[in-house]
Amino acid sequence: MKGDQLGAFEELVLLAVHGLGDEAYGMAVQQVLERETGRSVSLGPVYTALDRLEGKGLVRSAMVAGTPTRGGRSRRVFKLTAAGSRALTSLQEIRLRLYGRARMHPARSRS
Amino acid sequence: MSTQPPPAWLAFARWLVAPRQREEAEGDLIELWARVTERGAHGPALRFWREALLLAIASRRRPHAPVPVPQQHRTGGVRMAMLHELAQDGRYALRFLRRAPGFSLATVSMLTLGIGLIAGGYSVVNGLFLRPWPVPDSDEVVVASAERRDQPAAGRIIDGFSFGAYEHIRTHARAVDYVAMEDNYLRVEAHRGERHSGRVPEATFASDNFVEVLGIQLQQGTALASAPQSGSKVLLSDALWRRRFNAEPGIVGRTIWLAGEQPATVVGIMGPAFDSLGTERLDLVVDLPSITTVGRSRTSLLTDPTSCCLRIAGRLRPGWTREQARQELQLLTAGYRRSVAQPELTVTLRDTTPTGESGETVRLVFTLIGAGLLLVFLLTCANVGNLYLARSLGRRPEMAVRLSLGASRARLVRQLLTEGLVMAALAGAGAFVVARSVPILMVLTDELPASVFAPDWRVAAVTAAAVVAACLLVALMPALQTTRIAWRGTTTTMSARAGRMRGVVLAVQIAVAAVLVLSATLLVRGVRHAASAPTDYALHSTTVAKVSVPAGRTYDREFVTRLARAVDASGLRSGVAVSLPGRALGMGRSSLTLRSGAEFRAELLSLSRDAFDVLQIPLVAGRWASDQQAGEALVNEMLARRLSSVSRVVGQTFTLFTDRRTYVITGIVRDAHLTAFDRVEPMVFIPPTIPGIPALLARSGPDVERQLTALVESVDADLDVMFAPLSESAKVALRQATGGAAIAGGLGLVALLLAIIGVGGVFSYLVEEQRREIGIRLALGGSRGQIATVLARACRGAVVGGLVAGLLLSMAAGITLRSFLFGLNPVDPISYVAVAVVLIASALVATALPLRRALRVDPAVTLRAD
């Protein structure tokens with residue numbers, strides 16, 4: 001899908017990874033998304049998005065030791081790459097510009 | 001609930017996920033489970049499986065593998081190939097079913113019936129016996145019960161925890177946090193004096209720690225203990241809040257009215273998930289001290305050390321086992337009972353599933369119904385199996401081609417089994433819908449809370465098991481049979497074997513139908529036998545006038561005595577009886593303690609002197625008990641025989657458990673079947689000086705209703721009177737048995753229909769198979785009569801064998817059913833003959849149509865077809 005472009009969900013996942021810093025693994029990302037969007041988010045789609053982002057070179061992952069809450073199972077922690085950071089910055093700029101234009105031309109009601 | 005998902009679930013989820021992501025996914029699922037259960041949200045299982053499936057799909061789709069794991073990768077590949085083949089088989093099976101819509105419709109609908117009966121029946125059993133209380137971590141919650149075992153000869157004596165005992169236990173227990181409960185029906189109104197029709201809410205008066213200990217979630221307000229208000233405090237269930245108060249948002253803090261008169265403050269509304277404790281509905285929770293002012297008069301409950309019996313439950317504290325908690329409770333109870341000079345109690349602690357509460361009879365009834373459902377299920381599978389066998393035998397050429405092209409026999413068997421599984425799974429989905437309608441049916445017929453019967457994972461598991469069982473029963477034998485024939489490349493010798501197998505299946509069907517139909521016949525005849533049995537008292541010539549008081553007043557002793565006096569003074573030949581709600585006569589079981597300490601169980605009846613005359617029960621020894629002079633009682637011959645083993649009877653004094661008063665036995669009356677149809681129980685009769693629902697008994701006559709109404713109105717114009725013949729109450733008592741007989745009758749009818757379809761199916765297949773032979777016989781000059789005889793002979797063995805086996809098995813069934821037959825002989829010859837005739841007639845009806853077709857065979861056409 002969308003080639004090298006970012007989908008809306010992928011963008012949210014990328015932002016969540018960025019926000020979580022060193023603690024960005026699948027479950028944590030899912031939790032942040034559920035909390036911030038107020039919608040039920042499943043792990044499957046989160047992992048699919050993370051894998052796509054990794055495929056596009058926007059994040060990289062490494063296995064780290066597990067915690068007692070996971071029964072000791074290891075987890076894969078994701079980190080933004082330089083390309084990921086650039087992608088976020090450019091997306092933010094695009095959005096800001098678009099929002100700016102939207103304010104200049106308020107929607108007119110039809111008569 | 002545990003903080004980790006069940007290991008078997010984890011293992012299965014692990015298997016689903018692609019190897020390289022397994023550990024990660026497993027960790028996520030463990031974390032997710034802990035998070036969901038910590039929030040107290042219901043349905044972690046559903047969430048777990050949804051996430052596991054989505055993770056599995058995502059893992060199989062991932063575009064690249066960060067860590068290559070060659071060995072596991074290969075096993076993953078084999079698994080994928082297997083899944084692929086299974087999917088292929090599934091698609092093929094669906095195509096096969098689509099090509100034969102008539103066959104598919106018949107088999108799937110029959111299987112839906114069979115599996116639906118299992119799923120529906122199990123929903124009921126699950127609700128009544130297996131489902132724990134709907135509270136978080138219900139496996140930590142224990143229910144305490146106590147009984148007196150000091151005199152085993154006297155049977156179970158009613159005794160239990162008093163409020164004092166509860167206080168003592170709650171203060172000193174270290175293993176468990178205990179709550180005390182007492183249930184009662186309680187009218188609830190938004191405004192004083194309002195009157196509601198419909199179901200009276202069921203209240204639980206509970207100690208103030210109820211919400212905290214059981215972990216009940218509140219959607220509004222606070223728990224009983226933390227509410228600042230004084231006076232009665234109430235927690236409403238979600239259902240009652242919606243039904244009675246139209247989900248009014250500002251209800252918390254408002255005053256509502258209990259039992260018409262008592263103000264109470266609503267302090268909270270419970271979550272919608274919490275609407276019952278076991279099979280008992282819970283509409284509202286009221287603080288325990290209010291029981292002394294609200295509803296039934298139980299003023300002494302909190303102060304009398306011998307009062308009985310509070311329900312006690314609790315939650316185990318961490319680190320304690322149920323056995324340790326039981327030992328502690330035993331010690332605390334013993335200590336308290338010694339301090340108030342009461343006999344020792346034996347306590348037990350059990351889990352919150354209702355299994356322990358139901359009596360032997362209820363369990364036997366459900367076992368029998370379960371056995372009936374299982375038989376119908378087997379019958380359905382046998383029927384569908386026969387149809388499927390006929391159909392798959394027709395596919396022998398196809399199987400032979402596949403084998404010669406290199407398919408293994410195992411592969412073909414798997415394909416045919418998949419077809420069976422697809423049919424059974426379609427039926428299973430329909431069956432689950434049937435199970436979902438059980439709550440609606442149960443609500444229509446009974447007062448039990450609907451949620452108890454809602455299908456949960458257990459029902460889903462049983463339905464799935466039934467689907468697999470149906471698949472194996474229906475498809476395994478035909479699959480083996482068909483592929484073996486094709487494999488060996490011969491058809492003639494194998495056809496005989498297939499014919500024999502069909503014969504056996506048919507015989508089993510007929511035997512099962514015979515057992516079910518005969519059990520139903522016996523039960524129906526048992527009920528009729530009970531209803532028409534000659535009675536040893538005036539059951540059919542007595543009219544009962546039940547007196548009811550207006551709302552807000554109680555049936556106290558003073559009221560009953562006043563009514564009895566008025567009847568006495570009126571000069572009418574009418575007796576007074578006091579009984580429990582829902583009973584015509586009788587106050588239920590009680591126990592008598594003689595001065596020597598010996599205890600006896602007996603049915604307690606409260607009848608005036610004249611009531612014995614109306615009921616035509618004569619005195620056989622001693623003198624009548626006086627209605628005026630308190631403390632005199634009568635016993636029946638049955639109880640007298642038991643008492644005489646330890647002492648003389650007339651003149652003996654005893655203490656009655658029900659009212660704790662002392663009585664002297666003045667006489668013995670003749671035995672009568674007053675409380676049961678099939679046996680005379682030991683009975684003790686006391687004059688109507690006990691609180692309860694009073695009724696006037698009179699000989700039925702043209703003017704009796706008017707006279708009794710006038711009499712009751714002369715006592716109090718506000719009283720209501722309801723008339724019914726006494727025999728009507730006997731019919732009510734028989735209602736349960738009639739219900740049982742109706743269920744058995746329904747199952748019997750289904751079994752009979754299935755047997756007819758089975759016999760018809762087998763016979764028409766036979767006719768189809770022998771069409772050519774019939775043609776040749778006719779061409780050679782055989783008469784149609786001879787043809788009919790030959791054909792009938794082919795089925796005769798199976799039908800007769802099945803019938804004989806069925807009737808023999810029915811004798812065993814009849815003996816098991818003995819306690820529900822009200823004295824009817826379990827080997828009742830009329831029932832046996834009738835069932836044999838009905839089954840033979842059904843077999844004839846089933847064979848008539850195919851036979852007609854066989855006799856219409858045109859020899860010329862058949863021979864030309866060759």
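**Close-up views of a predicted two-chain model**

**View 1. Helix 2 of chain B passes helix 3 of chain B in a right-handed crossing.** Right-handed here means that the near helix is turned clockwise from the far one by less than a right angle. This is a predicted model, where local features need pLDDT of at least 70, side-chain atom pairs count only at pLDDT 80 or more, and totals for chains, interfaces and linings use all residues. Residues are numbered from 1 along each chain as its sequence is written, chains are lettered from A and ligands numbered from 1 in the order in which they are written, and side-chain values use heavy atoms, with hydrogens and water left out. The axes of helix 2 (residues 22–38) and helix 3 (residues 44–61) of chain B come within 10 Å and cross at roughly 155°, with axes being lines fitted to C-alpha atoms over the stretch in contact and angles running from 0 to 180 degrees between N-to-C directions. The two helices of chain B are therefore roughly antiparallel, a label for angles over 145 degrees. Helices are DSSP runs of H or I with at least four residues, strands are E runs of at least two, and both are numbered from the N terminus.

**View 2. Side chains where helix 2 and helix 3 of chain B meet.** From helix 2, Ala25(B), Leu29(B), Leu32(B), Trp33(B), Val36(B) and Thr37(B) are in contact (heavy atoms within 4.5 Å). Their partners in helix 3 include Phe48(B), Glu51(B) and Leu55(B).

**View 3. The buried residues of helix 22 (residues 771–779) of chain B.** Ile774(B), Gly775(B) and Leu778(B) are the ones that count as buried, meaning under 20% relative accessible area, against over 50% for exposed and in between for partly exposed (1.4 Å probe, protein chains only). Down the axis of helix 22 of chain B, these residues fall within an arc of 100°, so they line one face of the helix; the arc is that of the directions from the helix axis to the C-beta atoms. Next comes Gly781(B), which follows helix 22 and has a positive phi near 100°.

**View 4. Ser608(B), in the loop between strand 17 (599–607) and helix 17 (609–615) of chain B.** Ser608(B) is buried, at 6% relative accessibility. Setting aside neighbours within four places in sequence, Ser608(B) touches Gly575(B), Val576(B), Asp627(B) and Pro688(B).

**View 5. Asn246(B) in the loop between helix 8 (238–245) and strand 7 (255–258) of chain B.** Phi of Asn246(B) is positive, near 50°. Asn246(B) is exposed at 64% relative accessibility, while Ala247(B) is partly exposed at 26%.

Note on methods. Parallel < 35°, antiparallel > 145°, perpendicular 65-115°, else oblique.
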